[in-house]
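Good morning, and thank you for joining this group meeting.

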Amino acid sequence: MAFAIVAGCGRWPVARAGTNSESLGCEVFPADNIWNTRIDSLPVDRNSDAYIGTIGADKRIHPDFHSRLWEGAPIGIPYILVDSRQAKVPVKFKYSEESDPGPYPIPADMPLESNGKGDSHAILIERDTCKLYELFSAGKDADGNWHAGSGAVFDLRSNGLRREGMTSADAAGLPIFPGLVRYSEVISGQIRHALRFTAPQTRREHIWPATHDASHLNGDRYPPMGQRFRLKATVDISHYSRDAQVIMLALKQYGMFLADNGSPWFLNGSPDGRWPDRAIDDLKSLHGTDFEAVDEFSLRGDNKSGQVRKK
């Protein structure tokens with residue numbers, strides 16, 4: 001059954017949330033998972049300047065989440081909490097060979113990104129089993145059956161990655177939910193995990209912890225899927241709003257993964273009626289030159305696991 005849903009300022013449902021574990025009943029991956037590991041002391045990647053230039057050194061960060069609507073749809077990627085009593089339904093996949101077959105616990109009121117337009121991501125968390133279900137290009141057929149481009153199921157208690165070469169609901173083969181900016185975390189005062197963003201040109205290559213890429217481009221100036229970036233330590237964030245500072249500090253400490261092809265520097269989050277305009281505007285003042293690519297090689301252990309190497 002679907003639950004833990006509250007009204008977002010009377011406009012749309014949003015999931016109730018709190019810390020990184022929120023009201024999920026479990027943590028979002030183990031503490032030693034790469035998503036939950038700080039990278040502010042790691043070295044700068046040797047191709048950092050080239051990557052920044054390719055994505056757009058003068059381009060502004062675009063927070064792809066808001067309290068408002070765009071073309072009638074909430075801005076951001078919504079998610080919903082369910083439990084194991086929620087009936088599971090079959091999903092027909094376009095890329096079935098790279099998708100987890102399911103079934104998926106999709107409720108009747110399942111919110112879709114952009115109300116089913118564009119990427120139309122669907123994200124569900126089965127909180128009593130700590131399972132994360134994600135769909136790309138999700139929708140219903142005329143007969144009421146569900147279809148999607150691809151889908152993936154993640155165990156939030158595990159460090160396991162997708163099989164090498166497999167996509168997920170994301171081009172990089174990564175989970176989407178752990179990288180979303182969520183207002184519930186912002187009001188708690190701290191975000192303790194990496195975020196996710198998109199770039200228009202990527203390399204035909206992926207690096208750990210990504211398992212998939214989606215490009216025909218080659219060359220060192222194109223960043224690979226899974227490349228991690230961080231806000232430079234020298235960027236002064238003290239004059240920004242409190243909410244913006246929480247996000248910016250997370251970008252310094254935990255950074256963000258390049259997870260999909262898309263518009264430059266689109267920082268992904270969940271829609272919420274509580275997002276203040278000032279925080280959104282503050283984030284837009286950051287430019288590509290305020291960031292740097294990070295070399296995570298020292299953290300990589302087993303390529304099949306998201307667990308960081310023990311020192």
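Predicted model: local features only at pLDDT ≥ 70, side-chain atom pairs only at ≥ 80, totals over all residues.

Strand 7, residues 80-82, and strand 9 pair in the parallel sense over three bridges. Within this pairing, I80 stands opposite L124 in strand 9. Two terms need their cut-offs here. Strands pair if DSSP finds at least two bridges between them. Helices (H or I, at least four residues) and strands (E, at least two) are DSSP runs, numbered from the N terminus.

Residues are numbered from 1 along each chain as its sequence is written, and side-chain values use heavy atoms, with hydrogens and water left out.

Let us stay with strand 9. Is this strand mostly covered or mostly exposed? Strand 9 is mostly covered, since five of its five residues are buried. Buried means under 20% relative accessible area, exposed means over 50%, and partly exposed lies in between, with a 1.4 Å probe and protein chains only. In a regular strand the side chains alternate between the two faces of the sheet. In strand 9, A122, L124 and E126 point one way, while I123 and I125 point the other way, and all are buried.

Strand 9, residues 122-126, also pairs with strand 10, residues 131-136, in the antiparallel sense over five bridges. There, A122 stands opposite L135 in strand 10. Strand 10 in turn is joined by six bridges to strand 13, residues 150-155, and these two run antiparallel. L135 has G151 as its bridge partner in strand 13.

The hairpin of strand 9 and strand 10 has four residues between the strands, and C130 takes a positive phi near 60° there. Most residues other than glycine have a negative phi, and most peptide bonds are trans. C130 counts as buried because its relative accessibility is 6%. A second residue with a positive phi is S114, where the value is near 55°. S114 lies in the loop between strand 8 and strand 9. S114 counts as partly exposed because its relative accessibility is 30%.

The loop between strand 8 and strand 9 also holds P103. The peptide bond from G102 to P103 is cis, with omega near 10°. Another cis peptide bond joins W208 and P209, with omega about 10°, and P209 is placed in the loop between strand 14 and strand 15.

How many strands form the open sheet with the order 4-17-14-16-15-18? The answer is six, with mixed pairing. At its edges are strand 4 (62-64) and strand 18 (291-294), each of which pairs on one side only. The twist averages 40° from one strand to the next. For such angles, axes are lines fitted to C-alpha atoms, for helices over the stretch in contact, and angles run from 0 to 180 degrees between N-to-C directions. Strand 4 pairs with strand 17, residues 266-268, in the parallel sense over three bridges, and P63 stands opposite L267 in strand 17.

Two helices lie across strands of this group. Helix 1, residues 48-55, lies across strand 14, strand 15 and strand 18, at about 125° to strand 18. Helix 3, residues 242-253, lies across strand 14, strand 15, strand 16, strand 17 and strand 18, at about 130° to strand 15. Contact means heavy atoms within 4.5 Å.

Finally, we come to the largest pocket, which has a volume of about 450 Å³. On a 1 Å grid over the protein atoms alone, a pocket is an open set of points where a 1.4 Å probe fits, with protein on both sides within 12 Å along at least five of seven lines, and lining residues have an atom within 4 Å of a point. Grid points are joined across faces, edges and corners, and a volume is the space filled by probe spheres set on the points.
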